[in-house]
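Please describe this chain for a reader who has the sequence and the coordinates at hand.

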Amino acid sequence: MTPMIGVGEVTVEPGSSFSLSVIGDWQGLLAGYSFSIAFPSSAPIENLVVDVYGTLVGSIEAEYVQEQVNPDEGTIICGVLFDALPPFDGQTVPSLGFPQEIAFLLGEIPSGAQEQEIVFTPQDGFGDPPIMNMFVLGTRSVSVTNLIPGTIEVSIPPVEPVFIRGDVNMDADVDIADVIFHLDYTFLSGPLPICMDAGDANDDGISDISDAISLLYYFFLAGPGPWVPFPDPGIDWTDDSLGCDQGL
């Protein structure tokens, strides 16, 4: 088995925090490790820190942990020894036969960040003295050459369109013109609304003649008004097959 150090993958929305795992795989009894990782210095990341104590290997309370994050240079280094102080009990972590977390990279993506992929690449030689990607197995240092990059995917969720229910022609008013528009596309092959949800005045999940009738009842016979969002714009809280290609 070839020793491995890699970085995980996570998707984050702007304005949110993240936890990106650093993973390792080895064979034998692990007495310590170090890793050296590069990332773009221009990346929109705030308060980036290294946390080893939230992992299984950190749960045995390593006696030496040294980490350094340099945002200006885009580098992360970390060194861990489980048994560095007397009485030298020989603390080690056995391999599990599959990769496990050896650290977390914690931080925030600020509000206003654009959609992008931020790549974290394990790479030897950052820091002074240079830190290598390596495992300490017993008293033997093993260089890690199987280095796997990982990513933070900054993703902006789609904005759900807002509309006024009953505003079939999408002019921001609910009036008799909406009834005419509805009847025109229902019976005369007129243009469909750009927001079918707005045409579903009675919110039964179907755009049909009953919507025009409910609007007429509301206008002339003091019937109930359309269901929310009405009279102010909003989003559709009803789970149905109608959509809204374009909101107000």
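The model is a predicted one, and its chain has three helices and 14 strands. The C-alpha trace spans about 90 × 35 × 30 Å along its principal axes, and the radius of gyration of the chain is 29 Å, whereas a compact globule of 248 residues would have a value near 18 Å. Of the 248 residues, 41% are buried, and the accessible surface of the chain amounts to about 12,900 Å², with 55% of that area belonging to carbon and sulfur atoms. Among the contacts between residues at least 6 apart in sequence, 74% join residues that are at least 24 apart.

A search of the whole structure finds one disulfide, which joins Cys195 to Cys244 with an S to S distance of 2.1 Å. This pair links distant parts of the chain, since Cys195 lies in the loop between helix 1 and helix 2 (196–199) and Cys244 in the segment after helix 3, 49 residues apart. The link of Cys195 and Cys244 is left-handed, with -115° about the S-S bond, and both Cys195 and Cys244 are buried. Another cysteine, Cys78, also counts as buried, because its relative accessibility is 2%, where the cut-off is under 20%.

His182 has its place in helix 1 and is buried, with a relative accessible area of 0%. If neighbours within four places in sequence are left aside, the residues in contact with His182 are Val168, Gly199, Ser207, Asp208, Asp211 and Ala212. By contrast, His182 and Gly15 are 41 Å apart in space, C-alpha to C-alpha, and 167 residues apart in sequence.

Most residues other than glycine have a negative phi, and most peptide bonds are trans. The table lists residues and bonds that depart from this pattern.

| Item | Backbone value |
|---|---|
| Asp128 to Pro129 | cis, omega near 5° |
| Phe230 to Pro231 | cis, omega near 0° |
| Met170 | positive phi, about 55° |
| Asp203 | positive phi, near 55° |

As for where these features are placed, Pro129 is found in the loop between strand 10 (116–122) and strand 11 (134–137), while Pro231 belongs to the segment after helix 3. Met170 is located in the loop between strand 14 (150–154) and helix 1, and Asp203 in the loop between helix 2 and helix 3. Met170 counts as buried because its relative accessibility is 13%, and Asp203 likewise counts as buried because its relative accessibility is 13%.

Definitions and conventions
Residues are numbered from 1 along each chain as its sequence is written. This is a predicted model: local features need pLDDT of at least 70, side-chain atom pairs count only at pLDDT 80 or more; totals for chains, interfaces and linings use all residues. Side-chain values use heavy atoms; hydrogens and water are left out. A disulfide is a pair of cysteine sulfur atoms within 2.5 Å. Helices (H or I, at least four residues) and strands (E, at least two) are DSSP runs, numbered from the N terminus. Buried means under 20% relative accessible area, exposed over 50%, partly exposed in between (1.4 Å probe, protein chains only). The radius of gyration is taken over C-alpha atoms; the globule rule is 2.2 Å times the number of residues to the power 0.38. Contact means heavy atoms within 4.5 Å. Accessible areas come from the Shrake-Rupley method with a 1.4 Å probe; for residues, only the protein chains shown count as cover.
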